[in-house]
Amino acid sequence: MLHMFVECAFFYLKSMEAEGAARLYGRSIEKQKFRYIPFVWEGDRKSYSSICKSLPYGAGVTIPKEDCIGHVTKRMGTALRKVKADYGGKKLADGKGIGGQG
C-alpha cells in the first residue's frame with residue numbers, strides 16, 4: 001500500500017513541477033521583463049511540453065530545449081563504459097587495446 005502511495009505522490013509532484021514551470025514562463029515577462037530561452041532540461045518531457053502548450057511568449061516564439069551538461073556527460077560516460085566492456089581485452093586494428101594502455 002505504501003509503495004502505491006509513493007508512486008502516486010511522485011506522479012503528483014511531477015505534475016506540479018510541469019504546472020509550476022508553465023506558470024514561471026507565463027509570468028516572466030510581466031514580473032522580470034525577460035524570457036526564459038532556451039529551456040535547459042534534464043529529461044523531464046512533461047514540463048517542456050506543458051510550457052510549449054501554454055505559449056507563454058505568444059504563438060510566434062518557439063522555446064528551444066537544450067540538454068543539461070550533467071546529463072549529457074552521464075549518458076556519454078555510460079556509452080563509453082559499455083564500449084570498453086564490450087571490447088575489453090580485444091586488440092584493435094593498430095594492435096592496441098581499447099583502454100589506451102599497452
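A polar contact is taken here as a pair of N or O atoms within 3.5 Å, where, within protein, one must be able to donate a hydrogen and the other to accept it. In this predicted model, such a contact is made by Ser 28, whose side chain reaches the backbone oxygen of Phe 34 at 3.0 Å. Ser 28 itself sits in helix α1, which spans residues 2–32. With a relative accessible area of 0%, Ser 28 is buried. Setting aside neighbours within four places in sequence, the residues in contact with Ser 28 are Lys 33, Phe 34, Arg 35, Tyr 36 and Tyr 57.

Two of these partners lead on to the aromatic residues. Across the whole structure, a search finds five aromatic pairs. In one of them, the ring centres of Phe 34 and Tyr 36 are 5.0 Å apart and the planes meet at 80°, so the pair is edge-to-face. Phe 34 is partly exposed, at a relative accessible area of 35%, and Tyr 36 also counts as partly exposed, with 27% relative accessibility.

Phe 39 and Tyr 48 form a further aromatic pair, this one tilted, with 5.4 Å from centre to centre and 40° between the planes.

Taken together, ring pairs link Phe 34, Tyr 36, Phe 39 and Tyr 48 with Tyr 25 and Tyr 57 into a cluster. Two members of this cluster, Phe 34 and Tyr 57, are also among the contacts of Ser 28.

Definitions and conventions. Residues numbered from 1 in each chain as written. Predicted model: local features only at pLDDT ≥ 70, side-chain atom pairs only at ≥ 80, totals over all residues. Heavy atoms only, no water. Helix = DSSP H or I, 4+ residues; strand = E, 2+ residues; numbered from the N terminus. Buried < 20%, exposed > 50% of the residue type's maximum accessible area, 1.4 Å probe, protein only. Contact = heavy atoms within 4.5 Å. Phe/Tyr/Trp six-rings, centres within 6.5 Å; stacked < 30°, edge-to-face > 60°.
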